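My notes follow the display.

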Amino acid sequence: MKRSLVLNTLASASLLLTVACSGDDGGGNADGSDSTATATAPDGDDDGNESPDDGNETPTNTPPDTGMPDTGTDDNDTGDTTDDGPDTGSDDTTGGVPACPYTPVAGNPSLALQLVADGFDRPMLAMGDPAQPDRLFVVEQGGTVKILEPGMSSAPAENFLEVNSSNAGNPVLSAEAGTLGFAFHPDWPSDGRVYVSYNRAAGGGTIIEEYTVDAADGSQVDPASGRVVMALGQPASNHNGGMIAFGPDGYLYIGMGDGGGGGDEFNTGRNPSQLLAKMLRIGVEPDGTPDNPVACDVCPDLGPLDYTLPADNPGVDGTRPGWAPEIFAMGLRNPWRFSIDVTNGEIIAADVGQNAWEEIDVITLGADYGWSDMEADHCFGGGGCATGAGLNQVNGDGITAPIYEYGHDDGCSITGGSTYHSCEVPDWDGTYIFGEACDEWIRAIRWDGSATETIPGLPDFGEPMIGNGWNAWGDVFVTTVTGNLGGPAGNGKVYRLAPE
Ligand SMILES: [Ca+2]
Ligand SMILES: [Ca+2]
């Protein structure tokens, strides 16, 4: 059954003249994850990854975090001057997360989704607390984040976070606009900061804002703690991307759509000076050099903005001349959902197509995914192109091919998922789950670095998938709505991939 088109085109997309913010502070502290960066700069010979440690860190320096589950052998890197081994933890300061709790299921049971909880209002994302993976933080499109404590089966009334109404007005601005992303600081919970990505009512731009947990009440953030980290303009109400996640390098990855309308009408896909239609990567720590985006229509009243530019972003180190310094990869149309693999840091994005093809891409530094010369592995826009490259291979035009695609006879708007690594079903390890916002199926593939296996198993699901999520155990979450994104709020649900 096909549902009405939601993510691909919005005929009534409002058009606002804007220029994507592309400020460059010209340098910055590469150690973007360093939670003490504002207090103590890394020493001059800091190696940036502490693996192995060079032994010369200033005592308060915290190395970047790999984002992986902690093995328990970590030495609590805060304050160390000698190292007992590579840093493997996602949370260096708590000694790791609880072990994966499930009794392993032998064999290869049919893929199934188990309902975790319902009653959410357009849930976009369900992320496990890095220190307590069965405690889920569920992002609702209307501007709230709720904590689903273990054992709860419906959405709580209380909010962990409400997006700053002075910046956003808390709206579901359109089917594709609203509060779309959420991430924990890499040093959570010792560092109680979280990040939320949302579209602003006035001007419709994207804002990345930081909040800090209330010191006296861990069930909510301090509403006064909001700090806008980054902002950029959005010329139309669709194609906002909006997913955010920290990588193993401690930097924040931000998926940005092409600005909307249709057919890349704002010409951002091929323009490396624009931040739209890109995967961005920044350090969230201020480094004292302002990054107030240039000519950003949503930025002037936000005050000075300051983040960090990773030294190896292709436009910073010069490997991709002309690229704006925030860009990690280019040529994406609307990477509505992406994921970062908890075991190897691999970034997988589902890029929503235009009229014909949906695609899944492995996102790597400096790569170009082709929009709007290509729509998946097909030419777009009437020009020629180099089709037929192998999966994840760079074609003759310098464009990296998807690892999976399907045509619009199967749907119209792919919803990216995440990769299963839970201990519960060892045979499912490496299975990537994704779905459709216009249809009602969930699919599974397994990408091994060179080939994509299509895994049978999930029956027609009966609800459109709109969001994803994962936790440090490698559980995979799927969020759905009744109806679709543009319709009534309905009854949003969170599911976990688990045997029936
Ligand atoms: Ca800066
Ligand atoms: Ca592409």
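These entries cover conventions, confidence, the glycine and the sheet.

Conventions. I number residues from 1 along each chain as its sequence is written, and chains are lettered from A and ligands numbered from 1 in the order in which they are written. This is a predicted model, where local features need pLDDT of at least 70, side-chain atom pairs count only at pLDDT 80 or more, and totals for chains, interfaces and linings use all residues.

Confidence. I checked pLDDT, the predictor's confidence in each residue from 0 to 100. The chain mean is 81, and 76% of its residues reach 70 or more. Residues 1-94 stay under 50. Where pLDDT is low, the predicted coordinates should not be read in detail.

Gly257. I found Gly257 in the loop between strand S12 (252-255) and strand S13 (278-282); strands are DSSP runs of E, at least two residues, numbered from the N terminus. Gly257 is buried, because 28 other C-beta atoms lie within 10 Å (the cut-off is 20 or more, with C-beta atoms placed from the backbone). Its contacts (C-beta atoms within 7 Å), not counting residues up to four places away in sequence, include His239, Leu276 and Arg333. Gly269 is twelve residues away in sequence and 8.7 Å away in space, C-alpha to C-alpha.

Sheet. I traced four strands in an open sheet, S11-S12-S13-S14, with antiparallel pairing (strands pair if DSSP finds at least two bridges between them). S11 (244-246) and S14 (327-330) stand at the edges with a single partner strand each, so one side of each has no neighbour in the sheet. Three bridges join S11 to S12. Ile244 has Ile254 in S12 as its bridge partner.

Definitions and conventions:
Buried ≥ 20, exposed ≤ 12 C-beta atoms within 10 Å, placed from the backbone. Contact = placed C-beta atoms within 7 Å.
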